[in-house]
Amino acid sequence: MSPSSKPPLLSGVRLVLVAGFLGLLCLLGFAGFYSLHALRKVARTDDESTREFVKRSDALEVIRQNAYTATSRVRDFLLDREPKAPHVHRQDAVAAWNRALTALKAYSAVSPEAQRPAFQQLRLSLEAYWNVAGQALSWNDTKREVDGYDLLSEQLTPRRDEFLRLCDELRRSNEVDLRSAIDHSASLIGLLQERLAMVVVLALLIGAALAGITLNYFMRLERAASQRYEASLNDRAQLEALSTRLLEIQEEERRRISRELHDEAGQALSGLLVDVANASAEITGDQPSLKARMASIKRSAESTLSSIRNLSLLLRPSMLDDLGLIAALRWQARETARRSGMEVEVLAEDYNLELPDEYRTTIYRVVQEALNNAARHSEAKNVSILVRAEARRLLVLIQDDGKGFDPDTTKGMGLLGMQERIAHLSGQMEVESGVGQGVVLRIELPPVPAGKAA
């Protein structure tokens with residue numbers, strides 16, 4: 001499996017999560033849309049029912065009031081004995097009756113189909129009343145005085161009571177229709193509540209399932225991340241151990257090569273010089289060319305011997321093992337000053353500082369790298385090296401007066417190698433510098449553990 005590919009299980013879980021969340025969003029969207037649609041339907045039904053009820057109620061009230069007013073004026077017309085009163089009562093009765101007929105037409109326009117029979121009875125009852133009352137309105141005073149009371153009590157009052165009863169029945173029918181509409185709206189709202197409750201329960205179940213899948217998925221990711229982190233820690237520990245081992249092997253190889261150069265090659269060249277000296281002494285007579293050649297061989301052998309000894313010391317100065325750290329640092333300071341022309345000073349309070357081999361090697365290599373960097377890059381005139389053993393730390397301070405650099409942007413291999421050596425001893429290294437400000441290299445190592453001193 002390539003590094004960019006994903007395990008099938010995790011890919012399947014992601015598909016389930018995506019599908020689940022999309023399904024949950026669709027379910028919630030459908031629930032919201034359905035709720036809005038149902039509520040609008042209920043509101044529309046309520047508005048229509050209320051408007052129809054108001055229209056019918058208003059029209060029926062106008063019919064009732066004007067019809068009753070007309071009957072009252074007919075009664076006054078038949079019973080009032082004032083000379084001018086009949087004419088006024090007749091006009092008022094006719095006007096009220098016309099208003100009742102207009103309201104009757106309005107009610108016919110809004111009357112539901114179920115009320116048609118009752119409405120027809122009301123219309124016929126009103127027409128029956130007005131057929132009698134209309135004829136009575138044309139009576140003269142004598143006729144009204146003789147037959148008016150009998151007509152009113154025998155025909156008009158029963159007919160009036162009849163259409164008033166029919167008006168009340170229509171009013172009650174309207175109220176029943178309104179209550180029925182209200183009950184229907186309530187049933188719609190109840191149905192909406194039940195369905196919303198089902199949607200909420202379903203959403204909760206889906207949400208709980210998604211939460212469980214998500215939790216399991218993230219737990220898997222957490223375990224995978226933990227395993228990768230532990231693997232990275234193991235890899236890092238192995239790399240650090242490998243790096244430490246490589247440094248140890250490097251130092252051992254340097255020590256071996258240094259000793260072989262010093263012992264074998266150095267001894268061989270020393271023997272060669274002795275042989276050359278003996279051979280030169282045995283030359284007799286006038287042989288100036290041979291003596292000159294022997295002198296040249298002697299000079300070449302001496303130069304080669306000096307180079308081998310210098311190379312041996314550069315690889316691993318024997319004095320680091322024989323005389324200790326401070327002596328090796330002083331020799332390194334003299335060699336650097338001789339090659340570069342810088343003034344190098346080593347400051348140490350304890351000349352016979354006893355340190356284990358790993359401490360001596362680390363400090364010596366770090367100082368060696370710092371001096372090489374100063375000689376090659378800093379254009380420094382003076383370098384000071386301070387080594388001081390304190391109660392809670394071993395301090396090494398290297399300072400030069402060169403041109404400096406920006407530690408945040410410049411990270412060479414030399415600095416990284418120095419940091420790696422210091423970190424191996426659980427120490428810390430700080431670089432303080434700036435352009436034109438020189439360099440201060442501060443190294444703090446933990447105190448030497450008891451029993452590890454050289």
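This briefing walks through a sheet, its helices, some aromatic rings and the confidence of the model. What you're looking at is a predicted model, with a mean pLDDT of 80 for the protein. Five strands make up an open sheet, and four aromatic pairs turn up as well.

**The sheet**

- Reading across the sheet, the strands come in the order β1-β2-β3-β5-β4, and their pairing is mixed.
- At the edges you'll find β1 (343-348) and β4 (428-433), each of which pairs on one side only.
- On average, neighbouring strands of this sheet are turned by 10 degrees against each other, if you ignore direction.
- Take β4 and β5 (residues 439-445): they run antiparallel, and six bridges join them.
- To spot this pairing in the model, look for S433, which stands opposite V439 in β5.

**Helices against the strands**

- Helix α7 (residues 325-340) packs on the sheet, where it touches β1 and β2 (382-389).
- The direction of α7 makes about 170 degrees with that of β1.
- Helix α9 (residues 413-424) lies across β4 and β5, and runs at about 145 degrees to β4.

**Aromatic rings**

- To describe a pair of aromatic rings, you give the distance of the centres and the angle of the planes.
- For Y129 and F163, the ring centres are 5.6 Å apart and the planes stand at 75 degrees; over 60 counts as edge-to-face, so that's what this pair is.
- Y129 sits in helix α3 (residues 116-136) and F163 in helix α4 (residues 141-282), so the pair ties together parts that are 34 residues apart in sequence.
- Are these two residues buried or exposed? Y129 is buried, with a relative accessible area of 1%, and F163 is buried too, at 0%.
- Y129 and F163 also belong to one aromatic cluster with W97 and W130.

**Charges over rings**

- The charged end of K143 sits over the ring of W139, 5.2 Å from the ring's centre.
- R144 has its charged end over the ring of F77, 5.1 Å from the centre of that ring.

- In the protein, 86% of residues reach a pLDDT of 70 or more.
- Where is confidence highest, and where is it lowest? The highest mean is in β5, at 91, and the lowest is in helix α5 (residues 288-315), at 72.
- Over residues 1-5 the pLDDT is below 50, and this stretch has two contacts in the model beyond near neighbours in sequence.

Terms used: Residues are numbered from 1 along each chain as its sequence is written. This is a predicted model: local features need pLDDT of at least 70, side-chain atom pairs count only at pLDDT 80 or more; totals for chains, interfaces and linings use all residues. Side-chain values use heavy atoms; hydrogens and water are left out. Two strands pair if DSSP finds at least two bridges between them. Helices (H or I, at least four residues) and strands (E, at least two) are DSSP runs, numbered from the N terminus. Axes are lines fitted to C-alpha atoms, for helices over the stretch in contact, and angles run from 0 to 180 degrees between N-to-C directions. Contact means heavy atoms within 4.5 Å. Rings of Phe, Tyr and Trp (its six-membered ring) pair if their centres lie within 6.5 Å; planes under 30 degrees apart count as stacked, over 60 as edge-to-face and the rest as tilted. Buried means under 20% relative accessible area, exposed over 50%, partly exposed in between (1.4 Å probe, protein chains only). A charge sits over a ring if NZ of Lys or CZ of Arg is within 6 Å of the ring centre and within 35 degrees of the ring normal. pLDDT is the predictor's confidence in each residue, from 0 to 100.
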